[in-house]
Amino acid sequence: MSVLLTVAESVFRTGIVLSAITGFAYCIVVVAVAASSVLFRTPQRRRDARATLNILMRRPGGR
């Protein structure tokens, strides 16, 4: 039984680490897109960046 617990603990810790890395990467992407929606020089690029930001920040529930 202790082997099963050891494997389960290892899988659980790996899942937590992968989840944290994914969340951090998503935050970096959202910040980069938000900055680009303000800093791009042409209006078309700013509109594209805002549209991308709307897609990334879409919430479940259909608001």
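This report describes selected residues, contacts and surface features of a predicted model.

## Basis of the values

The model is predicted, so local features need pLDDT of at least 70 and side-chain atom pairs count only at pLDDT 80 or more, while totals for chains, interfaces and linings use all residues. Residues are numbered from 1 along each chain as its sequence is written, and side-chain values use heavy atoms, with hydrogens and water left out.

## Helices H1 and H2

Helix H1 covers residues 2–39, and helix H2 covers residues 43–56. Helices here are DSSP runs of H or I with at least four residues, numbered from the N terminus.

Val33 lies in helix H1. Its relative accessible area is 13%, so Val33 is buried; buried means under 20%, exposed over 50%, and partly exposed in between, with a 1.4 Å probe and protein chains only. Leaving aside neighbours within four places in sequence, Val33 is in contact with Ala49, Thr52, Leu53 and Leu56, where contact means heavy atoms within 4.5 Å. Val33 and Met57 are 24 residues apart in sequence, and their C-alpha atoms are 11 Å apart in space.

Ser36 is also placed in helix H1. Ser36 counts as buried because its relative accessibility is 17%. When residues up to four places away in sequence are not counted, Ser36 touches Arg46 and Ala49.

## Exposed residues

Val38 is found in helix H1, and Val38 is exposed, with a relative accessible area of 60%. From Val38 to Arg50 there are 12 residues in sequence and 8.7 Å in space, C-alpha to C-alpha.

Asn54 belongs to helix H2. At 55% relative accessibility, Asn54 counts as exposed. Asn54 and Thr42 are 12 residues apart in sequence, with 19 Å between their C-alpha atoms.

## A nonpolar surface patch

Val3, Val7 and Val11 form a nonpolar patch on the surface, and together they have about 280 Å² of accessible area. Patches are made of residues with over 30% relative accessible area and no salt bridge; like charges are joined within 9 Å and nonpolar side chains (Val, Leu, Ile, Met, Phe, Trp, Tyr) within 5 Å. Accessible areas come from the Shrake-Rupley method with a 1.4 Å probe, and for residues only the protein chains shown count as cover.

Val7, one of the patch residues, is located in helix H1. Its relative accessibility is 46%, so Val7 counts as partly exposed.

## Charged side chains and rings

A search of the whole structure finds one salt bridge, defined as a side-chain nitrogen of Lys or Arg within 4 Å of a carboxyl oxygen of Asp or Glu. Arg13 forms a salt bridge with Glu9, and the closest N and O atoms are 2.8 Å apart. Arg13 and Glu9 are four residues apart in helix H1, which means that about one helical turn separates them. Arg13 is exposed at 53% relative accessible area, whereas Glu9 is partly exposed at 42%.

The charged end of Arg45 sits over the ring of Phe40, 5.8 Å from the ring centre. For this, NZ of Lys or CZ of Arg must be within 6 Å of the ring centre and within 35 degrees of the ring normal.

Key: Helix = DSSP H or I, 4+ residues; strand = E, 2+ residues; numbered from the N terminus.
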